[in-house]
Amino acid sequence: MFKQIYSIATYTLLEALRNRLSWLILIVVFLGIGLSGFLNALALTESQATQLALLAAFLRFSAAFLLATFVVTSMVREFNDKGLELLLSLALPRAAYLLGKLAGFAALAIVPAFLFGALSLFFSSLTQGLLWTISLIFELWIVAAFAMLCVLSFNQIMAALSATLGFYLLARSITALQLIAKEGQLETSSSQQFMSMVMNGVAAVIPHLDNFTKTEWLVYQTGQWADLKLIVLQSTICLALLVSAGLFDLYRKNI
Amino acid sequence: MRERSISSVPKPALVLLALAFLAQLLWHFMQPTPVAKAENLMAPPSLASMRLASFGEPIALSKVAMLYVQAFDNQAGLHLSFQQLDYAQVEAWLDRSIALDPRSQYPLFAASQLYGEINNEAKQRRMLDFIYRQFLLDPNHRWKALAHAATLARHRLNDLALAQKYAQAIRLYATAPEVPSWAKQMEIFLLEDMNELERAKILLGGLLQSGQISDPHEFKFLEQRLAELETSLANKVKKP
């Protein structure tokens, strides 16, 4: 089964690299440098911190957006071309297909993460840049796994991409939402208590991506290796949950 | 996929494309150039809303907020537009920016070196008070702005009591070893009979020597400020 997973992962990665995705990543790099450089010139003080903060935020979001778009469009195209049916007609377990695809997307995620991380090294220390890069890789793996789950559930580009971006933005804002809900709870109306309960429920099942890939690590050099331990642990749990949900969905599909 | 030649596109489609492009350009040049007017500076959203809107990037949003507020004054007729600015809104924006990124010095720098330099006592006092309140939250990292606020209070407002209060606060609360001794001893030189230029030189010289100013934009800005001060004081001497 490992050989089958490896083959699928290799071809998924090859497809991505031949799909002009690397050009898009390079365009993002140049756009980021240009935009943040322009804002650097406007800042009266902390110009480098301003440039770095905006560049890091832009690169982080772009990496997630590009990867999610690629995962969704590539898998939907495969469904439409009946590629999945063809693969599953061979002696290939469904789990091998799913894990192979995920491994390919995970390998692909390393490309923008390393490139963007290398760019951050021009403005920050090696340790902080490494922490930021590794954290970005885990963040992108979660995004890729969620995008795969959405494709398996919705089978449509629009729905899957919207759900993935919604999940990503929610996961990055969940702490702020919880704080707002907690503030509202001071007024003890039942609707506010209900909303707070809903928010805590949502927070319990999604990863808190606002704790990942923090810009402050690069700007203020505050990252610690201990932060990474928590990120690895959270990512492992989250990926296990997403993969098992994906397997559940794929095995139930009547193909 | 190889594309067919341009000649295979129907002429009406090409004409429509060219006309639509020209119309867009014409439309653009007919519109007035966007100018940020002082009266258009609205109150910032609540801190909770801004945290939510930052999508987990509060530092980036804090910097964007500072650049946004700056757009309302960074124009020709600088001092005139400062007079028109609603300082309650400016203070609210600075407050949001520093709450989003508490380690940043930018909002305090802007309050002391930009908005605090206005020739309007009420507005100046508002900025100085903002700096003082923010200083008390983190004295060891925010003393630089208060040191400048003390000089402004002494020379622009001629309020020695206020200047002493600020200098004393630096001595009492900014106790970290990285705070230079001249800043801790500011209270003494405020009492000495020096003119504003001499004191500004000491302040700027002290900052430069202690390596506190590493940003080239800030360095250039302060240098320019000192030059302006020298010119204005020289003019005052010529016209007694």
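Two residues are in contact if their C-beta atoms, placed from the backbone, lie within 7 Å. The model is a predicted one.

Q: How do you know what share of the contacts in chain A between residues at least 6 apart in sequence join residues at least 24 apart?
A: Counting pairs by the 7 Å limit, 76% of these contacts in chain A join residues at least 24 apart. For chain B, with the limits of at least 6 and at least 24 kept, the share is 61%.

Q: Why does the radius of gyration of chain A agree with that of a compact globule?
A: A compact globule with 255 residues would have a radius of gyration near 18 Å, and chain A has 20 Å, which agrees. Along its principal axes, the C-alpha trace of chain A spans about 60 × 50 × 35 Å.

Q: What makes a residue buried?
A: A residue is buried if 20 or more other C-beta atoms lie within 10 Å of its own. By that count, buried residues are 39% of the 255 in chain A. In chain B, 32% of the 240 residues count as buried.

Q: How do you know that the span of helix α1(A) is close to the expected one?
A: The expected span is 1.5 Å times one less than the number of residues. Helix α1(A), residues 2-17, has 16 residues and reaches 22 Å from its first C-alpha to its last, against an expected 22 Å.

Q: Why are the buried residues of α1(A) said to line one face of the helix?
A: The buried residues are I5(A), I8(A), A9(A), T12(A) and A16(A). Seen down the helix axis, they fall within an arc of 100°, so they line one face of α1(A). These residues pack against α2, α3 and α5 of chain A. On the other side of α1(A), K3(A) and L14(A) are exposed.

Q: Which residues touch the most other members of the largest nonpolar core?
A: This core has 114 residues, and L67(A), L140(A), A144(A) and A147(A) touch the most other members. Helix α6(A), residues 126-154, gives the most to the core, with 18 residues. Leaving aside residues up to four places away in sequence, L67(A) touches L108(A), A109(A), L140(A), V143(A) and A144(A).

Q: Why is helix α6(B) called largely enclosed?
A: Eight of the nine residues of α6(B), residues 106-114, are buried, so the helix is largely enclosed by the rest of the structure. Among the buried residues are Y106(B), F109(B) and L114(B).

Q: What makes up the side of chain A that touches chain B?
A: In all, 26 residues of chain A are in contact with 22 residues of chain B. The elements of chain A that give two or more residues to this side are α2, α3, α7 and α9. The largest share, eight residues, comes from α7(A). By residue class, this side of chain A divides into 15 nonpolar, six polar and five charged residues.

How values were computed. Residues are numbered from 1 along each chain as its sequence is written. Chains are lettered from A and ligands numbered from 1 in the order in which they are written. This is a predicted model: local features need pLDDT of at least 70, side-chain atom pairs count only at pLDDT 80 or more; totals for chains, interfaces and linings use all residues. Helices (H or I, at least four residues) and strands (E, at least two) are DSSP runs, numbered from the N terminus. Ala, Val, Leu, Ile, Met, Phe, Trp, Tyr, Cys and Pro count as nonpolar, Asp, Glu, Lys and Arg as charged, and the others, Gly among them, as polar. A residue is buried if 20 or more other C-beta atoms lie within 10 Å of its own, exposed if 12 or fewer, and partly exposed in between; C-beta atoms are placed from the backbone. The arc is that of the directions from the helix axis to the C-beta atoms. The radius of gyration is taken over C-alpha atoms; the globule rule is 2.2 Å times the number of residues to the power 0.38. A nonpolar core is a set of buried Ala, Val, Leu, Ile, Met, Phe, Trp, Tyr and Cys residues joined through C-beta atoms within 7 Å.
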